[in-house]
Amino acid sequence: MNQSEVSKYAPAVLRFGLVFLFLWFGLSQIINPASWTAWVPEWVSSLPWISATSVVLLNGAFETIGGILLAIGFWTRWVALLLSLHLFLIAYEVGYNDIGVRDFALAITGIALSLFGPDRYTLD
């Protein structure tokens, strides 16, 4: 195979890498929200109408639904952009450390996927 034959798979490989990421984290939060509440920002505790557990469950649902939409390739460009913005927010909240830098880099991969748009294996 030459370079152009292999490179046509790049967007799908990138997409499924992010699918794995969001499904793993999303389902982990839904299955065991108690182990994720420590990551909820402190300012959420000042909101009287939502608990840390609810924030984790909502975040898990958001990431799981986003992962599923990426997996089937439905609204690929917009879902990737939205999930990328979500990762930028997480990176900001976590701050400048190993986890924040990792999430920032993953957010950039989401932007790249959004720029690629639908690939040959999407429903788009």
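Visitor: Are arginine 15 and aspartate 119 buried or exposed?

Guide: Arginine 15 is buried, and aspartate 119 is buried too. Buried means under 20% relative accessible area, exposed means over 50%, and partly exposed is in between, with a 1.4 Å probe and protein chains only. This is a predicted model, in which local features need pLDDT of at least 70 and side-chain atom pairs count only at pLDDT 80 or more, while totals for chains, interfaces and linings use all residues. Residues are numbered from 1 along each chain as its sequence is written, and side-chain values use heavy atoms, with hydrogens and water left out.

Visitor: What makes arginine 15 and aspartate 119 a salt bridge?

Guide: A salt bridge is a side-chain nitrogen of Lys or Arg within 4 Å of a carboxyl oxygen of Asp or Glu. In the pair of arginine 15 and aspartate 119, the closest N and O atoms are 2.8 Å apart, so the pair counts. Helices here are DSSP runs of H or I with at least four residues, numbered from the N terminus.

Visitor: How many salt bridges are there by this rule?

Guide: The count is two. Arginine 102 also forms a salt bridge with aspartate 103, with the closest N and O atoms 3.1 Å apart.

Visitor: Why does tryptophan 75 count as exposed?

Guide: Its relative accessibility is 52%, which is over 50%, so tryptophan 75 counts as exposed. Tryptophan 75 is in the loop between helix 3 (52-72) and helix 4 (76-94).

Visitor: Which residues make up the largest nonpolar core?

Guide: There are twelve, among them Leu18, Phe22, Leu70, Leu83 and Leu113. A nonpolar core is a set of buried Ala, Val, Leu, Ile, Met, Phe, Trp, Tyr and Cys residues joined through side-chain atoms within 4.5 Å. Helix 2, helix 3, helix 4 and helix 5 each supply at least two residues of this core. A second, separate core has five residues, including Trp36, Val40, Val44 and Ile50.

Visitor: Which residues does leucine 83 touch?

Guide: Leaving out residues up to four places away in sequence, leucine 83 touches Phe22, Phe62, Gly66, Gly67 and Leu70. Contact means heavy atoms within 4.5 Å.

Visitor: Why is threonine 122 called buried?

Guide: The relative accessible area of threonine 122 is 13%, under the 20% limit, so threonine 122 is buried. Threonine 122 lies in the segment after helix 5. Apart from neighbours within four places in sequence, threonine 122 is in contact with Arg15, Ile72, Gly73 and Thr76.

Visitor: Where is serine 46 found, and why is serine 46 called exposed?

Guide: Serine 46 is in the loop between helix 2 and helix 3. With a relative accessible area of 57%, which is over 50%, serine 46 is therefore exposed.
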